[in-house]
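Reader: I am new to this structure. Please show me how to read its features one at a time.

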Amino acid sequence: MEDHVHLLVKLKPKFALSDIVRDIKANSSKWLNEEKAKFHKFAWQDGFGAFTVSQSQIERIAGYIRNQKN
């Protein structure tokens, strides 16, 4: 999608979701901004949305993410 990204991740309870999202945003921003020839200054918006998914729905959700337009 042009303006957002979907991730399907499995986290152990000892990891805080906010820490994981912070690290993903920080590392991806750094990488994108080092590629100056390809991108303008990149920044994530504040905040994020997160949802829990039951084990029985993982393949359905993964398929939804895989089949989105790029």
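Author: We start with ring pairs. Rings of Phe, Tyr and Trp (its six-membered ring) pair if their centres lie within 6.5 Å; planes under 30 degrees apart count as stacked, over 60 as edge-to-face and the rest as tilted. This is a predicted model, so local features need pLDDT of at least 70 and side-chain atom pairs count only at pLDDT 80 or more, while totals for chains, interfaces and linings use all residues. Residues are numbered from 1 along each chain as its sequence is written, and side-chain values use heavy atoms, with hydrogens and water left out.

Reader: How many aromatic pairs does a search of the whole structure find?

Author: The search finds one. Its partners are Phe-42 and Trp-44, with ring centres 5.4 Å apart. The planes meet at 85 degrees, so the pair is edge-to-face.

Reader: Which residues is Ser-29 in contact with, leaving aside its neighbours within four places in sequence?

Author: Contact means heavy atoms within 4.5 Å. By that rule Ser-29 touches Phe-42 and Trp-44. Ser-29 has a relative accessible area of 13%, so it is buried.

Reader: Where is Ser-29 found?

Author: In helix α1. Helices (H or I, at least four residues) and strands (E, at least two) are DSSP runs, numbered from the N terminus. The protein chain has two helices and zero strands. Helix α1 covers residues 17-34, and Leu-17 lies in it.

Reader: What does Leu-17 contact, leaving aside its neighbours within four places in sequence?

Author: Leu-11, Phe-48 and Ala-50. Leu-17 is partly exposed, because its relative accessibility is 33%. Leu-17 and Trp-31 are 14 residues apart along the chain, and their C-alpha atoms are separated by 21 Å.

Reader: What is the radius of gyration of the protein chain?

Author: The radius is taken over C-alpha atoms, and the globule rule is 2.2 Å times the number of residues to the power 0.38. For a compact globule of 70 residues the value would be near 11 Å, but this chain has 14 Å. Its C-alpha trace spans about 45 × 30 × 15 Å along the principal axes. Buried residues make up 13% of the 70 residues.

Definitions and conventions:
Buried means under 20% relative accessible area, exposed over 50%, partly exposed in between (1.4 Å probe, protein chains only).
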